[in-house]
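Biologist: I have a new structure to go through. Can you take me around the ligand site?
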Amino acid sequence: MTVTEETAPASHYDRIGGASSVKAAVELFYDKVLADPALAGYFTSVDMAGQRRHLALMLTVVLGGPNEYSGRGLAEAHQPLNIPVAHYAKVGEHLTVTLTELGVPADILADVQTVLGQVQDQVVSAEAGSGA
Ligand code: HEM
């Protein structure tokens, strides 16, 4: 045991201000995704509370926040939606722009990009995706 453990860095989620900042980001992100004609269709049959919950979960996951989600796995939830890589990339862009507008630091944005790359294969459809 050493006291240096106390200096362990806070998660990105904590650094940007935790749940309340994620909520603010969701509002901005939500407007961008639903205003994008390529993406709005995915959410037409999902109620508004469900849409916001989805975006909040997405942000929490990519920011390394607490995983309070105990529902379907990412692949199970998204494979039936046949999401192509191009649409996944658009969502990623809206997310990056949202976080940039909120003044999120560059090192956090870089890590968000990394996580988006890591979970892409679970979210995009195997057929529509690049596969390798
Ligand atoms: C990092 C990327 C993503 C993460 C972490 C993520 C996370 C999730 C989670 C956890 C769920 C399950 C929600 C639930 O069952 O309550 C879900 C569902 C869903 N996701 Fe995503 N998602 C991502 C990307 C996308 C993209 C790119 C799209 C569309 C272009 C999308 C559209 C949907 C839709 C339509 C649902 C169903 C919502 C519902 O039925 O309530 N997701 N997502």
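Modeller: One term to begin with: donors are N, O and S atoms within 2.8 Å of the metal. Keep in mind that this is a predicted model.

Biologist: Fine. Which residues coordinate the iron atom of the ligand?
Modeller: His54 and His78 do, each through its NE2 atom, at 1.9 Å.

Biologist: And what is the geometry of the site of the iron atom?
Modeller: Octahedral, with 6 donor atoms and angles of 85 to 179° among them. His54 belongs to helix 3 (residues 48-62) and His78 to helix 4 (residues 74-78), so the pair ties together parts that are 24 residues apart in sequence.

Biologist: Is His78 buried or exposed?
Modeller: His78 counts as buried, because its relative accessibility is 11% and the cut-off for buried is under 20%. His54 has 24%, so that residue counts as partly exposed.

Biologist: Now the rest of the ligand. How many residues surround it?
Modeller: There are 19, and the closest are Arg53, His54, Met58, Arg72 and His78.

Biologist: Which helices supply at least two residues of the shell?
Modeller: Helix 3, helix 4, helix 5 (85-101) and helix 6 (106-123). Helix 3 gives the largest share, with 4 residues.

Biologist: Last one: which pocket does the ligand take up?
Modeller: The space taken by the ligand is the largest pocket.

How values were computed. Residues numbered from 1 in each chain as written. Predicted model: local features only at pLDDT ≥ 70, side-chain atom pairs only at ≥ 80, totals over all residues. Heavy atoms only, no water. Donors = N, O, S within 2.8 Å, 3.2 Å for Na, K, Ca; no water. Tetrahedral: all angles 85-135°; square planar, octahedral: opposite > 155°, others 65-115°. Buried < 20%, exposed > 50% of the residue type's maximum accessible area, 1.4 Å probe, protein only. Near = heavy atom within 4 Å. 1 Å grid on protein atoms, 1.4 Å probe; cavity = no way out; pocket = protein on both sides within 12 Å on 5 of 7 lines; lining within 4 Å. Sits in = over half its atoms within 2 Å of the grid points.
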